[in-house]
Amino acid sequence: MSIYATMANSVLQQLKKRNMEGYYCETWQEAANLACSLVPPGASVSWGGSATLGQLGILDRLQASGCKMIDYPAKEKEQIGSPIFQEVAGADVFFMGANALTLQGELVNIDGASNRLSSLLHGPKQVIVLVGINKLVKTVEDGIHRIQTSVAPVLAERTGRKTPCALTGICRQCNSSQCMCCNLVITRHSRYPGRIRVILIGEALGV
């Protein structure tokens with residue numbers, strides 16, 4: 001058994017205690033196959049921004065299988081009250097990545113528009129979270145540190161934002177109009193058994 005598998009077994013046990021279902025896949029190909037198998041035939045599917053999801057190619061496979069794909073047009077992600085929000089809230093399955101996952105099974109996420117996090121918290125019947133092994137951290141505090149030093153600056157620069165972290169590479173706890181860290185969400189327990197499913201992958205994926 002690889003060291004990643006050993007680590008994953010411990011995390012999966014912690015996820016179970018938190019009423020979330022956990023899975024471990026050694027490779028992204030195994031993870032993609034598993035994720036697709038968890039989606040009922042003909043289900044409605046939506047997703048939040050996730051480099052990991054793009055790397056796995058899951059959306060194309062689900063669309064080809066006949067699922068109803070509910071996509072956020074980029075211009076509508078920032079519009080409160082957009083009709084697409086209602087469609088996404090009613091989706092059968094919502095896919096997303098995670099900014100960090102602690103060894104104790106807590107999901108750590110920071111978001112700007114927060115369409116991704118709103119769906120994690122409530123709405124879609126099932127949420128599938130894809131997590132590369134590089135997102136695994138010891139504590140919630142480590143997860144936040146990872147986001148502020150390794151995630152937000154990279155994404156801000158990549159998307160052309162003029163936030164302090166994009167300009168200097170260092171989080172300044174900004175109140176910029178383009179702030180990517182408007183909401184911090186720690187998912188420590190799921191009230192609904194099996195609604196949140198976390199697939200931990202033994203490869204470095206995403207940002």
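Trainee: Which residues of α7 are buried?

Mentor: Buried means under 20% relative accessible area, exposed over 50%, and partly exposed in between (1.4 Å probe, protein chains only). In α7 the buried residues are Val-140, Gly-143, Arg-146, Ile-147, Gln-148, Val-151, Ala-152, Pro-153 and Ala-156. This is a predicted model: local features need pLDDT of at least 70, side-chain atom pairs count only at pLDDT 80 or more, and totals for chains, interfaces and linings use all residues. Residues are numbered from 1 along each chain as its sequence is written, and side-chain values use heavy atoms, with hydrogens and water left out.

Trainee: What do the buried residues of α7 pack against?

Mentor: Contact means heavy atoms within 4.5 Å. Helices (H or I, at least four residues) and strands (E, at least two) are DSSP runs, numbered from the N terminus. The partners of these buried residues are β5 (100–102), β6 (107–111), β8 (136–137), α8 (164–168) and β9 (183–187).

Trainee: Where does α7 bend?

Mentor: A bend at a residue is the angle between axes fitted to the seven residues ending there and the seven starting there. For α7 the bend is about 40°, at Ile-147. Just after the helix, Gly-160 has a positive phi of about 75°.

Trainee: Is Ser-46 buried or exposed?

Mentor: Ser-46 is buried, at a relative accessible area of 0%. Strand β2 (residues 44–47) holds Ser-46. Apart from neighbours within four places in sequence, Ser-46 contacts Ile-70, Val-88, Ala-91, Val-93, Phe-94 and Phe-95.

Trainee: And is Ile-3 buried or exposed?

Mentor: Ile-3, in helix α1 (residues 3–17), is exposed, with a relative accessible area of 58%.
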